[in-house]
Amino acid sequence: MNEFKQSFKKNGLGIVLMVLASLQTALGQMFWKMANGELNWTLILGFFLYFLGAVFMIIAFRFGSLSVLHPLLSIGYVFALFFGSLVLQETITESNLLGTLFIIVGAALIGGGDHD
Amino acid sequence: MIKWVGIIMVFTLLGAVGGYFFKRATSEGVAMNGHFMKNLTIGVAFYGSGAILNIITLNYLPYTIVFPLTSITYVWTMLISYVFLNEIISRKKMIGVLFIVIGSCLLIT
């Protein structure tokens, strides 16, 4: 348990930046979806957020192990599900929720797994 | 189908290699120097070509197959981190990536 906490501490800033990066990526894709294939402000906002997500990811890599930080981008799928149901009114199934749970557990194991 | 498995392996590898060069870019801090710009450019080239190949694949295979398989990228990341960055690949990390792959499959069912 101590090693688990240590791993989170060691990669702390990187983890925070990766969570922000995945949030921006998920929001970016949501705005692309809202753009409906047209060239409008939501499409441009989507591009901006997606780009910002990439910048945050690159900076995050400075502050921790690549093997911890890169997989954490999958937290974006969790955000996407949340925004999909909340903003886009998409239906969330039981397997959607189970999948999200798996991803959260997986991400936590990776975040806390930087020691043997 | 075998052909597509190969292509999915290639674009996930391209994405992971891109991530590795992003990591290399920031190894001496985030600064606009030669080291940063060189590795960033290589990273963008790999990451970008991976993304393009991903989009092309989506034209031929259903999204429900391509999306979860994209998480194979992180399996490559583990290998690359171990071989080139001497990072520890603990059992927790391996199980974690497995969970992400399973979770991604469940998300689209």
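About 3,000 Å² is buried between chain B and chain A in this predicted model, and carbon and sulfur atoms give 69% of that area. B:Tyr74, B:Lys92 and B:Leu107 supply 21% of what chain B buries against chain A, more than any other three residues. Counted by residue, 36 residues of chain B are in contact with 36 residues of chain A.

The polar part of the interface can be listed next. Between chain B and chain A there are 13 residue pairs in polar contact, with both residues at pLDDT 80 or more. The count of salt bridges between the two chains is one. B:Lys93 forms a salt bridge with A:Asp114, and the closest N and O atoms are 2.7 Å apart.

Four helices of chain B, α1 (2–25), α2 (34–60), α4 (73–85) and α5 (91–107), each supply at least two residues of the side that touches chain A. The largest share of that side comes from α5(B), with 12 residues. Sorted by class, the side of chain B that touches chain A has 19 nonpolar, 13 polar and four charged residues.

The nonpolar core comes next. The largest one has 36 residues, of which A:Met18, A:Met57, A:Phe61, A:Leu69 and A:Leu72 touch the most other members. Although these five belong to chain A, the largest share of this core, six residues, comes from α1(B).

How values were computed:
Residues numbered from 1 in each chain as written. Chains lettered and ligands numbered in written order. Predicted model: local features only at pLDDT ≥ 70, side-chain atom pairs only at ≥ 80, totals over all residues. Heavy atoms only, no water. Contact = heavy atoms within 4.5 Å. Buried area = accessible area lost by both parts, 1.4 Å probe. Salt bridge = Lys/Arg side-chain N within 4 Å of Asp/Glu carboxyl O. Polar contact = N/O pair within 3.5 Å; in protein donor to acceptor, adjacent residues only side chain to side chain. Nonpolar A, V, L, I, M, F, W, Y, C, P; charged D, E, K, R; others polar. Core = buried A, V, L, I, M, F, W, Y, C linked by side-chain atoms within 4.5 Å. Buried < 20%, exposed > 50% of the residue type's maximum accessible area, 1.4 Å probe, protein only.
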